[in-house]
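Me: I am new to this structure. Please take me through the terms used for it, one by one.

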Amino acid sequence: ARVYAQHRNDLPTPYRRYAMGPVWRNEKPGPGRFRQFYQCDADTVGAPTVAADAEICAMLSDTLEAVGIPRGDYLVRINNRKVLNGILESATRRQAEDPSAEATRPDIHDDALDGLIERYKNKSDDILRTLDKFDKVGTQGIRQLLGPGRTDASGAKIPGLNLPDYQIDSFCTFLDARGKDNAETISQLRDVVAFSEEGREGVNELETIANLLEAQGYQTDRIVIDPSVVRGLGYYTGPVFEAELTFEVLDEKGRPRQFGSVAGGGRYDDLVKRFTGQAVPATGVSIGVDRLLAALQAKGRMQTGVQGPVVVTVMDRDRMGDYLGMVSELRAAGIRAEAYLGNPKNFG
């Protein structure tokens with residue numbers, strides 16, 4: 001976003017770029033989560049159509065297969081931030097307008113209803129972080145965290161968001177909305193966000209992406225619409241996606257576990273605006289290279305083919321040129337090599 005903002009007058013539209021290198025996270029490091037790590041990014045800036053999002057997902061699928069993750073061992077899962085935003089509004093409006101909810105619906109007029117929806121939307125970041133725990137705690141755990149709270153395995157009390165039951169029901173229905181195929185999932189999502197214009201727009205975008213991918217031959221064994229994908233970063237504005245490795249590996253205690261996510265991304269139409277003041281559509285994905293290499297190593301698929309190292313000893317300083325020539329010849333042949341540059345008396 002910063003590079004495009006700085007050089008936008010010299011760059012084509014759409015602008016596609018990729019980069020790989022070290023990045024740093026402003027979070028507390030932990031097991032498998034380092035302060036510095038390697039990341040491979042691919043982005044398209046200046047393309048408003050969700051065809052750009054579909055292209056990113058297709059490329060991610062192809063990339064995983066190219067580096068040694070075969071079909072069946074991974075899944076690219078897609079959701080839409082607009083659908084997530086629409087759930088709060090749709091649940092509240094449904095409750096207010098549904099005659100069958102007479103006993104529990106708020107007795108309010110439209111202006112007050114809009115204010116109520118806005119108040120709930122102020123909790124959206126907390127709600128997204130809660131929904132992001134679905135894989136760990138399941139539907140019942142999410143229901144508790146959205147409501148009064150829960151007690152974890154250590155006995156610690158985790159406070160809840162105290163949302164009303166009708167909103168909790170909507171979010172749980174949303175998380176469980178994945179059907180046997182993309183068409184069924186999209187149909188169930190339409191019902192969840194039926195009372196939200198933004199939510200309906202998000203579902204339409206998901207349907208378009210699914211159709212574009214299917215036309216290119218990407219079936220649900222590779223890329224799938226999945227409502228449980230909740231990217232926690234606040235700058236996403238549309239489709240969001242993750243690549244999950246579905247095979248099992250053994251942890252440090254020999255217990256089987258799924259490897260999990262190695263890539264994630266989404267659409268961030270407002271990020272360039274922070275630098276330029278002008279809205280510029282953008283979408284992209286980041287692959288955690290360290291995690292991907294760890295997964296390949298766990299599956300025994302690391303074929304580095306590295307030869308060496310070779311150390312060329314120095315027994316006569318007057319022939320240093322000859323020694324360095326040997327090193328250059330070895331390196332040119334693809335063999336790691338170095339000349340010993342220390343004191344020969346200390347060679348040992």
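Me: What makes helix 3 and helix 8 oblique to each other?

Reply: Their axes cross at roughly 50 degrees. Angles under 35 degrees count as roughly parallel, over 145 as roughly antiparallel, 65 to 115 as roughly perpendicular and the rest as oblique. Helix 3 and helix 8 are therefore oblique. The axes of helix 3 (residues 81-97) and helix 8 (residues 182-192) come within 9 Å. An axis is a line fitted to C-alpha atoms, for helices over the stretch in contact, and angles run from 0 to 180 degrees between N-to-C directions. Helices (H or I, at least four residues) and strands (E, at least two) are DSSP runs, numbered from the N terminus.

Me: Which residues of helix 3 and helix 8 make the contact?

Reply: Helix 3 brings Val83, Ile87, Ser90 and Arg94, and helix 8 brings Leu189, Asp191 and Val192. Contact means heavy atoms within 4.5 Å.

Me: What is the source of all this?

Reply: This is a predicted model, where local features need pLDDT of at least 70, side-chain atom pairs count only at pLDDT 80 or more, and totals for chains, interfaces and linings use all residues. Residues are numbered from 1 along each chain as its sequence is written, and side-chain values use heavy atoms, with hydrogens and water left out.

Me: Why is strand 3 called largely enclosed?

Reply: In strand 3 (residues 74-80), 7 of the 7 residues are buried, so the rest of the structure largely encloses it. Buried means under 20% relative accessible area, exposed over 50%, partly exposed in between (1.4 Å probe, protein chains only). Tyr74, Val76, Ile78 and Asn80 point one way, while Leu75, Arg77 and Asn79 point the other way.

Me: How do you know that strand 3 pairs with strand 6?

Reply: Pairing needs at least two bridges found by DSSP. Strand 3 and strand 6 (residues 223-225) have 3, and run parallel. Isoleucine 78 stands opposite isoleucine 225.

Me: What is meant by a nonpolar core?

Reply: It is a set of buried Ala, Val, Leu, Ile, Met, Phe, Trp, Tyr and Cys residues joined through side-chain atoms within 4.5 Å. The largest here has 56 residues, and Ile78, Leu131 and Leu146 have the most contacts inside it. Helix 2 (residues 51-66) gives the most, with 6 residues.

Me: Why is asparagine 162 called exposed?

Reply: Its relative accessible area is 56%, and the cut-off is over 50%. Asparagine 162 is therefore exposed. Asparagine 162 lies in the loop between strand 5 (157-159) and helix 7 (165-175).
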